[in-house]
Amino acid sequence: MDAREAESLKTRLRIGSEVLRLSTDFFHDEGFIQLLPVMLGRSTDPLGPDPGSMIVKTPEVEYNGTLLYTMNSMILHKQVAVKRLGRIFILSPNIRLEKPERRATGKHLFEFTQLDFEISGASKEDVMSLVEKYFASLSKGLAKHRELFAELGVEPFEFKTPFAKYTTHELEEKYGKDWEIPASRDHSQPFWALCHKREFYDKEDEREPGHYLNYDLIYPLGFGEALSGAEREHAYDRITGRMGKDKLEMKVYQAYLDEAREGFVPSAGAGFGVERLVRFLTRSEHVGDVQMFRRVPGEEIRV
């Protein structure tokens, strides 16, 4: 890395540091309790079944006679925590060992940090409103640091809310099955994509089976997915029914299911990748460009 590249990285990291400060301040001000992350657990996010998945494997560790998994995400732990604490957020390290081909997307890492939050009793509309409030707040905070962005030759992005909303059915009809990047390029502001067939913990609409009470936020200008979230399946029978349809191995989730049997509360939440956010704000070519220690699929790990 030459001196110019090193200075550019330092600027990106300084912006990333400010994003972290503004983000944690926002969630504290909104009454959330910040939890420390879980790194190993008896179960973790299955990330599927997803025919498009490129995860090689989820690492396992045997400790004290118990098989533990590294966190793909803390979604299962969030459901356990939110029933006791009400409003929570975590800066959660995620490990997703992606195939080397993912390097070319510009937005995939095999180790990244997600700001993950969950709200007891919330609806998808509640979460979407909170997220829009967060991004509007972020714009105001970052506008005070124009000199940092000027070092990269860009302006602080001004998020203008409310964001547009589409169903995935509408997006597929206009852009085809792989709608994400073409639709992103067609927009100058983030937009919501609603109703995805996803993991068992994303709530299915009981009034319209086959439709889901979930949402993604998509960055504009070709940067793609920003955030994923949903209302949660919280009834034990519905959770196990969904898991059975997905042919998941129940014993892997026994500790989680024990908690579900005791009772979960209705909740909704989301998570967004910190590095993807900083990549978008700095208009960086690759999400690895905003990491001090790059963790890009297919690249050599230097440190």
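The exercises below work through a predicted model, each with a solution in steps.

Residues are numbered from 1 along each chain as its sequence is written. Local features need pLDDT of at least 70, side-chain atom pairs count only at pLDDT 80 or more, totals for chains, interfaces and linings use all residues, and side-chain values use heavy atoms, with hydrogens and water left out.

**Exercise 1.** Determine how the axes of helix H1 and helix H3 cross, and which residues make the contact.

*Solution.* Helices (H or I, at least four residues) and strands (E, at least two) are DSSP runs, numbered from the N terminus. Start with the axes, which are lines fitted to C-alpha atoms, for helices over the stretch in contact, with angles that run from 0 to 180 degrees between N-to-C directions. Those of H1 (residues 3–29) and H3 (residues 124–142) come within 10 Å and cross at roughly 135°. Finally, list the contact (heavy atoms within 4.5 Å): H1 contributes Glu18, Val19, Leu22, Ser23, Phe26 and Phe27, while H3 contributes Leu130, Lys133, Tyr134, Ser137, Leu138, Gly141 and Leu142.

**Exercise 2.** Work out the strand order of the open sheet and identify its edge strands.

*Solution.* Two strands pair if DSSP finds at least two bridges between them. By this rule 3 strands form an open sheet in the order S2-S4-S3, with antiparallel pairing. The edges are S2 (40–41) and S3 (60–63), each of which pairs on one side only. Looking at S2 in detail, 2 bridges join this strand to S4 (residues 66–70), and glycine 41 has tyrosine 69 of S4 as its bridge partner.

**Exercise 3.** Is proline 37 buried, partly exposed or exposed, and which residues does it touch?

*Solution.* Proline 37 lies in the loop between S1 and S2. With a relative accessible area of 34%, proline 37 is partly exposed. Not counting residues up to four places away in sequence, proline 37 touches Met74, Ile90, Leu91, Ser92 and Pro93.

Terms used:
Buried means under 20% relative accessible area, exposed over 50%, partly exposed in between (1.4 Å probe, protein chains only).
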